[in-house]
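The tour moves from one selection to the next and says what is found at each stop.

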Amino acid sequence: MYEDFFVDIIHGVTVIKMSGLQGGVLVMLLAVTLSAQAHKVNMFAFVEGNEIFVEGYFTDGKKPKKCEVIVYDSSDKQVFNGFTSDDGQLSFAIPTAGDLRITLNAGEGHMAQYELSGDEVAGEEVTDVSAGNAQASAAVKAGAATDRESTQPVADKELQALIRKSVGQSMRPVMRALDELKERRNLSDIIGGVGIIMGIGGLFLYFQARKMSSKNTSK
Amino acid sequence: MHISEGILSTPVWVAGYVGTAVLAGITMRKLDMEEVPKISVITSVFFIASLIKVPLGPASIHLILNGLVGVVLGWRAFAAIMLGIILQAIIFGHGGITVIGINSLMLGGGGLIAYMVWQQRHRFSFKKREFVFGALAGAVGTISSGIVLATALITTGEAFNAIAATVLAAHIPIMIIEAAVVGASAEFLHKTKPDILAGRKQPVTQG
């Protein structure tokens with residue numbers, strides 16, 4: 001391809017320069033965390049008192065705002081739909097007992113699913129949304145749970161509901177961290193994937209080579 | 001850029017599988033043994049590329065590189081991308097099992113179109129030819145995948161104008177970055193190891 005040796009050397013030098021630049025880009029890419037791909041939407045949900053709390057997030061930290069949340073029961077019938085807040089969160093009363101499948105549609109082909117098993121949901125008494133309880137949850141929402149406790153004796157059931165709710169709320173970061181951990185792409189997974197690709201290539205070559213050698217011997 | 005599971009109706013994802021099977025069958029005919037290592041390496045590049053996120057302003061993006069696969073592998077790009085997508089779905093839950101077909105069609109089809117664009121370079125001769133056509137291939141690879149994505153989503157009932165606009169807006173920055181990366185890679189490969197690029201001087205059909 002090259003006319004003479006000197007041209008070859010000049011080309012060699014430009015190639016080295018280029019590879020320096022490319023190397024820089026590569027280092028930049030690798031310096032970036034290998035944790036996750038950017039535009040996947042994830043979600044998790046759990047029961048909090050008489051409500052189900054749903055939170056969605058994109059793997060790059062953005063929140064799915066005003067995205068539709070649909071809940072299906074075990075027979076795939078839609079039992080609830082609503083939209084997330086600007087924080088990507090939504091709380092709603094448990095629609096029915098039993099297994100629930102919750103989907104979050106973030107548009108552009110991004111959708112996350114989460115399944116709540118029947119015993120998680122059934123652990124709560126769905127019919128227990130009495131007036132007092134609603135009042136209690138309103139008070140909790142206002143952050144006045146402790147005040148309420150001191151001013152008024154709380155019935156056992158209400159107390160239980162309150163405990164469940166506040167425990168649920170403090171569990172949010174934990175649930176989220178767990179979910180993120182579950183979704184994390186490990187370097188070992190990536191290397192494993194590359195290994196599989198190379199393995200498939202190798203297998204293909206192996207069988208091709210066998211075919212070729214058997215052809216050669218039959219000739 | 002993957003369609004998640006549970007969005008598309010059954011006929012659409014089944015059609016994705018059928019289309020993928022047909023295209024894979026056509027593009028993998030008469031595979032030469034010598035091509036296999038190259039395909040494996042490029043498949044790995046594609047597989048990894050979409051797992052690495054690059055921060056860009058407030059958000060972050062990841063490269064798709066289906067255009068690069070097209071530029072290097074030619075017609076074999078489709079199978080490479082398909083294998084990458086299968087593994088991404090199985091190992092990382094990227095997309096999902098039912099949507100492997102439509103995702104392969106979306107990204108692999110983009111790779112094939114990128115290759116067709118790349119081949120047009122033979123009609124021209126100017127200095128930065130490889131860079132320009134590499135960049136074009138990268139951009140076209142991204143945008144044609146975006147078109148397939150928008151089309152698939154329309155079948156789910158998303159309004160055409162809305163979805164076309166959002167998909168296009170989301171893909172413009174990716175398109176520009178892909179163009180730069182694929183262009184630079186094509187030029188670099190052309191200088192260092194030109195025979196690795198697909199469709200050289202005489203576009204011989206393999207075998």
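This is a predicted model: local features need pLDDT of at least 70, side-chain atom pairs count only at pLDDT 80 or more; totals for chains, interfaces and linings use all residues.

**First stop: α3 and α5 of chain B**

Select helix α3 (residues 66–73) of chain B together with α5(B): their axes come within 7 Å and cross at roughly 55°. Axes here are lines fitted to C-alpha atoms, for helices over the stretch in contact, and angles run from 0 to 180 degrees between N-to-C directions. Helices (H or I, at least four residues) and strands (E, at least two) are DSSP runs, numbered from the N terminus. α3(B) and α5(B) are therefore oblique to each other; angles under 35 degrees count as roughly parallel, over 145 as roughly antiparallel, 65 to 115 as roughly perpendicular and the rest as oblique. The crossing of α3(B) with α5(B) is right-handed, a crossing being left-handed if the near helix is turned anticlockwise from the far one by less than a right angle, and right-handed if clockwise.

To display the contact, show B:N66, B:G67, B:V69, B:G70 and B:V71 on α3(B), with B:L107, B:G110, B:G111, B:L112, B:A114, B:Y115 and B:W118 on α5(B). Two residues are in contact if their C-beta atoms, placed from the backbone, lie within 7 Å. Sorted by class, this contact of α3(B) with α5(B) has 7 nonpolar, 5 polar and no charged residues. Ala, Val, Leu, Ile, Met, Phe, Trp, Tyr, Cys and Pro count as nonpolar, Asp, Glu, Lys and Arg as charged, and the others, Gly among them, as polar.

Residues are numbered from 1 along each chain as its sequence is written, while chains are lettered from A and ligands numbered from 1 in the order in which they are written.

Keep α3(B) selected. Is this helix enclosed or open? Of its 8 residues, 8 are buried, so α3(B) is largely enclosed by the rest of the structure. A residue is buried if 20 or more other C-beta atoms lie within 10 Å of its own, exposed if 12 or fewer, and partly exposed in between, with C-beta atoms placed from the backbone. Step on to B:G74, which follows α3(B) and has a positive phi, near 65°.

α3(B) passes α6(B) in a right-handed crossing. From α3(B), the residues B:N66, B:G67, B:L68, B:G70 and B:V71 meet B:G134, B:A137, B:G138, B:V140, B:G141, B:T142 and B:S145 of α6(B). By class, the contact of α3(B) with α6(B) has 4 nonpolar, 8 polar and no charged residues.

In α6(B), 20 of the 26 residues are buried, so the helix is largely enclosed by the rest of the structure.

Bring back α5(B), residues 100–119, which packs with α6(B) at an angle of about 150°, the axes being 8 Å apart. The pair α5(B) and α6(B) is therefore roughly antiparallel. Their crossing is right-handed. The contact includes B:L105, B:M106 and B:I113 of α5(B), and B:F133, B:L136 and B:V148 of α6(B). By class, the contact of α5(B) with α6(B) has 15 nonpolar, 8 polar and no charged residues.

Centre on B:T142, in helix α6 of chain B. B:T142 is buried, with 28 other C-beta atoms within 10 Å. Which residues does B:T142 touch, not counting those up to four places away in sequence? They are B:I64, B:G67, B:G110, B:H171, B:I174, B:M175 and B:E178.

Next, centre on B:L136, which is buried with 20 other C-beta atoms within 10 Å. B:L136 and B:A179 lie 43 residues apart in sequence and 6.2 Å apart in space, C-alpha to C-alpha.

Zoom out to chain B, which has 7 helices and 2 strands. Buried residues make up 54% of its 207 residues. Chain A has 6 helices and 7 strands, and 24% of its 219 residues count as buried.
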